[in-house]
Amino acid sequence: MSDAVKLACATCGQMNRVPVAKLAEGPKCGSCGDPLADGKVIDLDARAHDKATRGDELALLVDYWAPWCGPCRMMAPEFAKAAQTLKGRARLAKLNTQDHPDIATRTRIQGIPALVLYVRGREVGRLAGARPAAEIVAFVQGHLGSRA
Ligand code: ZN
């Protein structure tokens with residue numbers, strides 16, 4: 001792994017180069033100043049989704065969800081916990097498929113919640129259905145471990 005990774009800012013879309021050593025320190029976007037990887041779940045719009053899934057060099061796990069989906073809402077606190085645990089190693093984000101049905105279709109989301117893991121612009125795995133935090137963390141770590 002190189003000693004810096006590219007990360008898309010979910011707020012302004014700017015691609016940032018972040019030294020790996022700084023990932024755990026809560027790096028901020030050089031353009032708008034918003035946090036890039038502070039251990040919180042990132043709310044993606046269409047532009048940020050495409051930039052991050054294609055351009056991020058740190059693992060990115062996207063939760064495809066919708067407000068009407070009960071299991072999605074139940075999983076939200078578990079997903080947030082997993083985001084904290086994985087801080088500095090992966091970013092966790094969510095995309096509202098009710099607002100962005102075109103992205104759900106393009107990503108071949110069959111049912112929600114669906115978790116899709118992207119590494120350097122490629123999908124490397126997906127997990128269907130609501131999961132507890134420990135399972136989400138294990139899923140991401142399993143993929144990172146095989147790539148280290
Ligand atoms: Zn920004």
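The model is predicted. In it, the zinc ion is coordinated by C9, C12, C29 and C32, and the largest nonpolar core has 19 residues.

**Helix α4**
- Helix α4 covers residues 133-145, 13 residues in total. From first C-alpha to last it reaches 18 Å, close to the 18 Å expected at 1.5 Å a residue.
- A133, I136, V137, F139 and V140 are the buried residues of α4. Viewed down the helix axis, the buried residues fall within an arc of 160°, so they line one face of α4.
- An α-helix has 3.6 residues a turn, so residues three or four places apart point the same way.
- The packing partners of the buried residues in α4 are β4 (59-65), α2 (70-85), β5 (90-96), β6 (114-119) and β7 (122-128).

**Nonpolar cores**
- In the largest nonpolar core, of 19 residues, those with the most contacts inside it are L61, F79, L92, L115, L117, I136 and V140.
- Two or more residues of this core come from each of β4, α2, β5, β6, β7 and α4. The element that gives the most is α4, with 5 residues.
- Beyond its neighbours within four places in sequence, I136 is in contact with L61, M75, E78, F79, A82, L92, L115 and R131.
- Another core, of 16 residues, lies apart from the largest one. Among its residues are V62, Y64, V116 and Y118.

**Zinc site**
- The SG atoms of C9, C12, C29 and C32 coordinate the zinc ion at 2.3 Å.
- The 4 donor atoms subtend angles of 103 to 116° around the zinc ion, which makes the arrangement tetrahedral. Ideal angles for four tetrahedral donors are 109.5 degrees.
- Along the chain, the donors follow the spacing C-x2-C-x16-C-x2-C.
- C12 lies in the loop between β1 and β2, and C29 in the loop between β2 and β3 (42-44), so this pair ties together parts that are 17 residues apart in sequence.
- C12 is partly exposed, at 24% relative accessibility, whereas C29 is buried, with a relative accessible area of 4%.

**Residue Q14**
- Q14 sits in the loop between β1 (4-8) and β2 (15-19). Its relative accessible area is 36%, so Q14 counts as partly exposed.
- Not counting residues up to four places away in sequence, Q14 touches L7, A8, C9, C29 and S31.
- Q14 and S31 are 17 residues apart along the chain, and their C-alpha atoms are separated by 6.6 Å.

Key: Residues are numbered from 1 along each chain as its sequence is written. This is a predicted model: local features need pLDDT of at least 70, side-chain atom pairs count only at pLDDT 80 or more; totals for chains, interfaces and linings use all residues. Side-chain values use heavy atoms; hydrogens and water are left out. Helices (H or I, at least four residues) and strands (E, at least two) are DSSP runs, numbered from the N terminus. The expected span of a helix is 1.5 Å times one less than its number of residues. Buried means under 20% relative accessible area, exposed over 50%, partly exposed in between (1.4 Å probe, protein chains only). The arc is that of the directions from the helix axis to the C-beta atoms. Contact means heavy atoms within 4.5 Å. A nonpolar core is a set of buried Ala, Val, Leu, Ile, Met, Phe, Trp, Tyr and Cys residues joined through side-chain atoms within 4.5 Å. Donors are N, O and S atoms within 2.8 Å of the metal (3.2 Å for Na, K and Ca); water is not among the atoms, so sites may look incomplete. Four donors count as tetrahedral if all angles lie between 85 and 135 degrees; four count as square planar and six as octahedral if opposite donors are over 155 degrees apart and all others between 65 and 115; anything else is irregular.
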